[in-house]
Each structure stands twice: as C-alpha cells, then as structure tokens.
Amino acid sequence: YRLTWCDEVQIPNSLARSIGTWTGIAGPPGLSFKERNSNKVKVVIDFKGACFDGLDRASGVELIVDVSHGVATDTANYPVVGEPHRWRAMFDIEATGADPVDLRAYLRFDGKALTETWMYQLNPITA
C-alpha cells in the first residue's frame, strides 16, 4: 500500500473520502455523564463522495472497524440528513491497556469498499 502526506490526495472517484473525525465520551446520546462509561471513547467519522447516491439506511452499508487492541462496540452508520453525498460512521472503543490504539475503518457495500480506509491512533483514557 502507499502512504502520502499532502493537502489533497488523489483517490479513485469511486471511493468517498474521510472529511471529519471527532472523539468524545462514549455511550448513547441522552445519558448523563454519571451513566456513561468513562473507560470508553466515542469515535465519529464523516465520509463524502458520490458513491453514496441512491443509498439509504436500509441499503445494507456496513461499517468495518479494525482495532489493534480493545473492542469496538455500538457501531452505526447512516446518511447525514440534508447533506448530499455525506455519510456518518460511529463506534465506541474500549481499549485494553494503556498503550495507544491503532484504528482503521471504512464503509462497505455489496462486498466492495465505498470509502478510503480511515486510520487513527487513539490514546486511551487512563484513570
């Protein structure tokens, strides 16, 4: 594979690209801070690309997450309302140990990648 560092990397038009990443306290929305598991981290990724045309929540788009050590739970993905060609993926990470966690994620449909592979290194929360 190839790694490239620059502002705009040319990727095939058939793949959506990652346009945003956010992290925060894990758990479903609406829970108080006391009810949330402070040992987990929520990760949210937005992808944008024309490959999402015609797809909706019921289309069977899959979020594939690879975690170097730990567990990814509560995975979800869906189109962003009011944003054409934009799709959101999210999951919670519970790391094992204090070492950084290497993450990889992409969206897949009908056995084929829809997006580039997103890569991230997460420093787990340690008490």
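User: What links Phe91, Trp118 and Tyr120 into a cluster?

Analyst: In this predicted model, ring pairs join Phe91, Trp118 and Tyr120 into a cluster. The structure holds three aromatic pairs.

User: Why is the pair of Phe52 and Trp87 called stacked?

Analyst: A pair of aromatic rings is described by the distance of the centres and the angle of the planes. Rings pair if their centres lie within 6.5 Å, and planes under 30 degrees apart count as stacked. The centres of Phe52 and Trp87 are 5.1 Å apart and their planes stand at 20°, so this pair is stacked.

User: What makes this pair a tie between separate parts of the sequence?

Analyst: Phe52 belongs to the loop between β2 (40-48) and β3 (62-67), whereas Trp87 belongs to strand β5 (residues 86-95); the pair therefore ties together parts 35 residues apart in sequence. Both residues, Phe52 and Trp87, are buried.

User: Why is the pair of Phe91 and Trp118 called edge-to-face?

Analyst: The cut-off for edge-to-face is an angle over 60 degrees. For Phe91 and Trp118 the planes are at 75° and the ring centres 6.3 Å apart, so the pair is edge-to-face. Distant parts of the chain are linked here, with Phe91 in strand β5 and Trp118 in strand β8 (residues 118-122), 27 residues apart.

User: How do you know whether Phe91 and Trp118 are buried or exposed?

Analyst: Buried means under 20% relative accessible area. Phe91 has 0% relative accessibility and therefore counts as buried. Trp118, at 5%, also counts as buried.

User: Which residues touch the most other members of the largest nonpolar core?

Analyst: Among the 21 residues of that core, they are Phe47, Phe52, Phe91, Leu103, Leu107 and Trp118. At least two residues of this core come from each of β2, β3, β5, β6 (101-109) and β8.

Terms used. Residues numbered from 1 in each chain as written. Predicted model: local features only at pLDDT ≥ 70, side-chain atom pairs only at ≥ 80, totals over all residues. Heavy atoms only, no water. Phe/Tyr/Trp six-rings, centres within 6.5 Å; stacked < 30°, edge-to-face > 60°. Helix = DSSP H or I, 4+ residues; strand = E, 2+ residues; numbered from the N terminus. Buried < 20%, exposed > 50% of the residue type's maximum accessible area, 1.4 Å probe, protein only. Core = buried A, V, L, I, M, F, W, Y, C linked by side-chain atoms within 4.5 Å.
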